[in-house]
Amino acid sequence: MSTLALWLAIVGAGAITFALRLSFIALLGQIEIPLVLARALRFVPAAVLTAVVIPLLLYVNGAVEVSFGNERLLAGLAAVLICWRTRSVPLTLVGGMVVLWTLQAIGVGS
Amino acid sequence: MTTMIRKTNERTYPPGRTRPREADQLGKGRREIWPGSIAQDLDVAIDRGTLSPAAAFIAGAKAIVPVLLALIPFGVAFGATATDSGLSPLEALGMSVFVFAGAAQLAALPLLSAGASVAVVVLTVLIINLRLTLYSASISPHFRRLPAGWKGLLAYLLTDQAYAATITRFEDGETREPDKRWYYLGVAVAIWVAFQAATVTGVFLGALASGGWSLDFVLPLIFIGLALPAIKDRTTGTAALSAGVAAVFCAALPLNLGLIAAALVGVIGGLVAETVTEGRRK
């Protein structure tokens, strides 16, 4: 990605995010959130966050790999467990990285 | 402080009584003020709109400090991952300033390093940040009479944390608008400063680590930390499951459209599950 395209993406993403934030603050009294959109919005966090995570855990070098050799999948599962038990993002982050580094150090994936 | 509050007192209570119960019942009949600790006075004064702008600003900034500790990992994670994915310090900081939304910024990084088109990056950020419209709608009545410039400033600073930290207070109290804006500004500016400082810290840490530490793994880890609390019931679980399955099959979609497609499948899955659940209840 060229520097120009990168900055275009950054500024564009910033502009669209600002528009979302400003939307109802600016338009108050003129429109309401349509019911379908409000219902759909409830599912966006769960859907989009999972959609980001799953491929990053399952894909190794462009192919799905579900095995004990996939150290990222194992570390990710450990992180899910940590997060489920502690509900803490910092602990999930530290725990997941430590598990990944440990698995890499003992050479699970190689 | 105390004098200021006394002035606005309409009733006092006989000694020996504790703070009247109604004062704890949020939002209703909060006319009585019982002189208590300074913190209590401050709370009441904010609610009654008797604080100066500076005092309201500082009260907001103080109230958000515990939340900042939970927010800093996002900024650090973004800064480090951005450096790891080849962004310059200026580009990383620029993104934190322009977008100012940690999750969306993190999700955009793999797309940027994969050379996705500008449109796909913007569309992905749009989907992840759609929830901000909900906050915007919910908080808008409190900023109703503000001039356009203020609305713009407060909107730019609207984040999950700023929304969560102010909306309860705004909905419950009899806060007047001038104090709302300053209190909100105190909360939001503290978040902004912490996030930018965390980004810069992350950029330096990322440069120190300089590859080999698998820092890109921070992205799924942070998102696991966000996704799990978002899965609250069967319908949101269905949304997550269908999005996850779709993501595996959509990963190879051209133009890096996989995430957007999978998110849409997940939302539709959630809506279908909700319709089915509602149908059963009838």
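H3(A) passes H13(B) in a right-handed crossing; a crossing is right-handed if the near helix is turned clockwise from the far one by less than a right angle, and left-handed if anticlockwise. Helices (H or I, at least four residues) are DSSP runs, numbered from the N terminus. This is a predicted model, in which local features need pLDDT of at least 70, side-chain atom pairs count only at pLDDT 80 or more, and totals for chains, interfaces and linings use all residues. Residues are numbered from 1 along each chain as its sequence is written, while chains are lettered from A and ligands numbered from 1 in the order in which they are written.

**The helix pair**
- Helix H3 (residues 44-58) of chain A and helix H13 (residues 234-250) of chain B pack at about 40 degrees, and their axes are 7 Å apart. Axes are lines fitted to C-alpha atoms, for helices over the stretch in contact, and angles run from 0 to 180 degrees between N-to-C directions.
- H3(A) is therefore oblique to H13(B), the term for angles that are not under 35 degrees (roughly parallel), over 145 (roughly antiparallel) or 65 to 115 (roughly perpendicular).
- Residues making the contact include A:Ala47, A:Ala51 and A:Ile54 of H3(A) and B:Ala240, B:Ala243 and B:Ala247 of H13(B). Two residues are in contact if their C-beta atoms, placed from the backbone, lie within 7 Å.
- The contact of H3(A) with H13(B) has 13 nonpolar, 3 polar and no charged residues. Ala, Val, Leu, Ile, Met, Phe, Trp, Tyr, Cys and Pro count as nonpolar, Asp, Glu, Lys and Arg as charged, and the others, Gly among them, as polar.

**Chain A against chain B**
- Chain B gives 73 residues to the contact and chain A gives 58 residues.
- Helix H12 (residues 218-230) of chain B supplies the largest share of the side of chain B that touches chain A, with 13 residues.
- That side of chain B has 54 nonpolar, 14 polar and 5 charged residues.

**Domains of chain B**
- Chain B is divided into domain 1 (35-215) and domain 2 (223-282), with bounds from an automatic or database domain assignment.
- Their contact takes 9 residues from domain 1 of chain B and 7 residues from domain 2 of chain B.
- On the domain 1 side, H7(B) gives the most, with 4 residues.

**Confidence**
- The model scores ipTM 0.85 and pTM 0.73.
- Chain B has a mean pLDDT of 80, and 78% of its residues reach 70 or more; pLDDT is the predictor's confidence in each residue, from 0 to 100.
- Over residues 1-36 of chain B the pLDDT is below 50. Where pLDDT is low, the predicted coordinates should not be read in detail.

Key: Helix = DSSP H or I, 4+ residues; strand = E, 2+ residues; numbered from the N terminus.
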